[in-house]
Amino acid sequence: MGVLRLLVRSEVSAERDDRELAAAALKGDEDAFASLVRRHQAGVRRCAARILGDDEEARDIAQVAFVKAWENLAKYDPAWSFSTWVYRIASNLAIDVLRSRDSRDRTHQTHLRLVGDSEGPTAPRDLAEGEVKRIFAELANLLSPSQRVAFVLREVEGHATSEVAQAMGCTEATVRNHVFQARTLLRRELATRYPEYLPKGGKR
Amino acid sequence: MGCEQVRERLRGFLDLELESAVESAVRAHLASCRECREAYIAAEPSLLLSVGQAQPVAVDDATFVASVMGGIHQSRLDAFERKHAMRRYLAVAAVAVLSLTATLAYRVTVAPTTTVAVAPTAVPLSPVGRSADVEPAFVEVEGEGVRLYQVATGGTSTPNVQVAFVVDPSLEL
């Protein structure tokens with residue numbers, strides 16, 4: 001419990017620092033804004049990469065998101081954490097990219113994987129980080145942009161439901177719905193395409 | 001947080017009901033404890049794709065920050081160019097308006113008026129043979145007031161010819 005309190009306190013002081021840096025950046029302090037970029041770029045890029053399934057595209061989206069954040073600093077509400085605000089900009093950009101992609105391209109990226117021996121291993125195969133990323137990129141194409149963003153922000157990045165709601169500009173109930181729908185869809189596709197990775201007797 | 005505490009919070013985790021700090025602690029435990037992770041995945045298989053991606057991706061800080069700041073500088077330059085382009089347009093427009101205003105003012109107040117009849121004007125003429133008391137016809141030509149003096153109605157050879165003089169009304173003949 002003491003560790004938890006320490007974590008919460010450090011997060012609160014970091015957020016306060018972010019707001020002070022944002023206030024300085026609003027007055028034209030570029031070094032302050034560069035500090036904010038340095039602090040949050042890993043999370044924003046990772047989040048964008050998981051939403052888009054493409055590291056290079058995610059880098060571009062993250063860059064545009066930070067530039068837009070700079071241009072709209074006057075609109076930043078300190079009631080939000082700075083990171084949530086940038087995630088919101090990046091999520092909207094990523095959703096625009098997903099919607100602009102040709103639906104035919106998305107269909108080509110998903111393929112039916114041949115399921116091998118019906119007698120799979122008794123224990124689920126271990127998945128390497130890269131394999132998890134590849135499978136998620138494949139299956140996430142089946143999600144709607146909103147489901148995808150909600151799943152990445154909530155389940156993968158571990159942001160609070162309230163933060164995800166702020167980032168997506170919707171209610172917490174809507175975020176939960178998106179997450180539950182995404183889970184149902186991913187669960188079904190995992191059971192169909194990659195049953196060897198699932199524990200025997202688990203939920204399908 | 002120990003395994004027992006994590007397993008007790010499985011339902012709350014799946015229903016998205018855990019407090020943020022508690023959920024962070026559960027995730028941290030799942031990242032390091034295979035047994036608890038498998039128990040969670042057995043309850044909700046999609047967690048295979050979420051807790052399995054919890055590791056941060058290595059990124060190159062320096063070049064990314066430099067590219068963002070470069071984008072910001074370009075954005076400021078573009079905004080500066082747009083602002084000055086607008087000022088140039090406004091300056092040219094202001095000069096044009098002033099020139100036009102000055103020209104109009106000059107024409108109205110200083111330049112002599114010149115009246116030109118644009119089209120033949122049909123005017124009612126004084127009947128032939130009337131005395132000089134008869135008021136000459138007054139017509140307007142191009143907004144300027146003029147007097148029309150019928151000098152002659154033509155002789156026997158040209159009975160229908162009329163001559164009109166356009167005269168400034170202020171110069172009464």
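**Where chain A meets chain B**

Visitor: How many salt bridges does the rule find across the interface of chain A and chain B?
Guide: Heads-up: this is a predicted model, where local features need pLDDT of at least 70, side-chain atom pairs count only at pLDDT 80 or more, and totals for chains, interfaces and linings use all residues, while side-chain values use heavy atoms, with hydrogens and water left out. Residues are numbered from 1 along each chain as its sequence is written, with chains lettered from A and ligands numbered from 1 in the order in which they are written. The rule wants a side-chain nitrogen of Lys or Arg within 4 Å of a carboxyl oxygen of Asp or Glu. Across this interface, the count comes to three.

Visitor: And which residue of chain B meets Arg187(A) in a salt bridge?
Guide: Look for a gap of 3.0 Å, N to O, between the two side chains. The partner of Arg187(A) is Glu44(B).

Visitor: Which helix gives the largest share of the side of chain A that touches chain B?
Guide: Helices here are DSSP runs (H or I, at least four residues), numbered from the N terminus. Those giving two or more residues to this side include H1 (2-26), H2 (30-52) and H9 (172-193) of chain A. With ten residues, the largest share comes from H2(A).

Visitor: What is the area buried between the two chains?
Guide: Interface size is often quoted as the accessible area lost when the parts come together; here that uses a 1.4 Å probe and is summed over both parts. Carbon and sulfur atoms give 61% of the total, which is about 4,100 Å².

Visitor: Which three residues supply more of chain A's buried area than any other three?
Guide: Their part is 13% of what chain A buries against chain B. The trio is Glu30(A), Arg154(A) and Arg183(A).

Visitor: Is Glu23(B) buried or exposed?
Guide: Glu23(B) sits in helix H3 (residues 20-32) of chain B. Beyond its neighbours within four places in sequence, Glu23(B) contacts (heavy atoms within 4.5 Å) Arg154(A), Phe13(B) and Leu18(B). Buried means under 20% relative accessible area, exposed over 50%, partly exposed in between (1.4 Å probe, protein chains only). Glu23(B) has 5% relative accessibility, so it counts as buried.

Visitor: What is the relative accessible area of Leu49(B)?
Guide: Leu49(B) is found in helix H5 (residues 47-50) of chain B. Leaving out residues up to four places away, Leu49(B) touches chain A residues including Val132(A), Phe136(A) and Leu190(A). Leu49(B) is buried, and its relative accessible area is 0%.
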